[in-house]
Amino acid sequence: MALTPPRGRGKRQITDEATLMEAIDLVLTAHRVDGLRSVAWEKQVEQTTQYVGRGRGSVHREKRVIQKMRSHITHIARQEDPIAARCQRFGWKAFVTNAGHTRLSLPDAVLCYHNAYRVERLFNRLKSRVHIAPLFVKRNEHIEGLTYLLTLGVRV
């Protein structure tokens with residue numbers, strides 16, 4: 001909607017439909033919603049009459065009509081079918097197990113994977129509470145020492 005602001009002082013208007021279509025496509029691709037939104041616009045024409053030449057007007061004086069055109073976005077709508085199709089692809093993970101269906105059902109397997117022990121979670125929790133600044137180490141001894149220090153902190 002910011003592409004076509006209301007008329008006013010200092011508000012630049014888009015007068016050509018092709019320019020407006022290019023700007024809309026650019027915004028949709030920049031925000032990665034191309035094909036997920038539909039945009040409707042209309043062409044607005046404002047006509048004013050002016051007297052030809054200088055001075056005051058009269059009944060018999062020649063007049064000219066000046067047209068100011070602008071393309072204005074009227075409506076932006078969501079395309080529900082493509083949005084639902086894209087949302088359906090989000091969040092998929094592949095889980096592999098050697099347990100059979102009789103021993104472990106699919107919902108139980110997903111719960112086991114979600115509650116799995118991960119060392120990275122503990123380190124993240126430790127760093128967020130203690131506010132350890134990132135350390136940049138180059139030597140292997142320093143890396144080992146930092147790892148021992150973090151595991152000691154996790155155990156405590």
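Modeller: I will start with that pocket, then move on to its surroundings and a few other places.

First, the ground rules. This is a predicted model, so local features need pLDDT of at least 70 and side-chain atom pairs count only at pLDDT 80 or more, while totals for chains, interfaces and linings use all residues. Residues are numbered from 1 along each chain as its sequence is written, and side-chain values use heavy atoms, with hydrogens and water left out.

Now the pocket. Rolling a probe the size of a water molecule over the atoms shows where empty space is left. The search runs on a 1 Å grid over the protein atoms alone; a pocket is an open set of points where a 1.4 Å probe fits, with protein on both sides within 12 Å along at least five of seven lines. Lining residues have an atom within 4 Å of a point. Volume is the space filled by probe spheres set on the points, which are joined across faces, edges and corners.

The second largest pocket has a volume of about 180 Å³. Its lining is M1, A2, L3, I24, V27, L28, H31, V33, R37, V39, I73 and I76. By class, ten are nonpolar, one is polar and one is charged. Here Ala, Val, Leu, Ile, Met, Phe, Trp, Tyr, Cys and Pro count as nonpolar, Asp, Glu, Lys and Arg as charged, and the others, Gly among them, as polar.

Three elements each supply at least two lining residues: α1, β1 (37-51) and β2 (63-78). Helices (H or I, at least four residues) and strands (E, at least two) are DSSP runs, numbered from the N terminus. The largest share, three residues, comes from α1.

The largest nonpolar core has five residues: I14, L20, I24, L28 and I73. Three of them come from helix α1 (residues 17-30), the largest share. I24, L28 and I73 also line the pocket. A nonpolar core is a set of buried Ala, Val, Leu, Ile, Met, Phe, Trp, Tyr and Cys residues joined through side-chain atoms within 4.5 Å. Buried means under 20% relative accessible area, exposed over 50%, and partly exposed in between (1.4 Å probe, protein chains only).

I14 is a core member. Contact means heavy atoms within 4.5 Å. Leaving aside neighbours within four places in sequence, I14 is in contact with L3, T19, L20, R70 and S71. One of these, L3, is also in the pocket lining.

Next, the loops. R32 lies between α1 and β1. R32 counts as exposed because its relative accessible area is 70%. R32 has a positive phi of about 55 degrees, although it is not a glycine. G53 sits in the loop between β1 and β2. At 54% relative accessible area, G53 is exposed too. G53 and K63 are ten residues apart in sequence, and their C-alpha atoms are 9.2 Å apart in space.

For comparison, the largest pocket has a volume of about 200 Å³. Its lining includes F95, H101, L106 and Y113. That lining divides into eight nonpolar, four polar and no charged residues.
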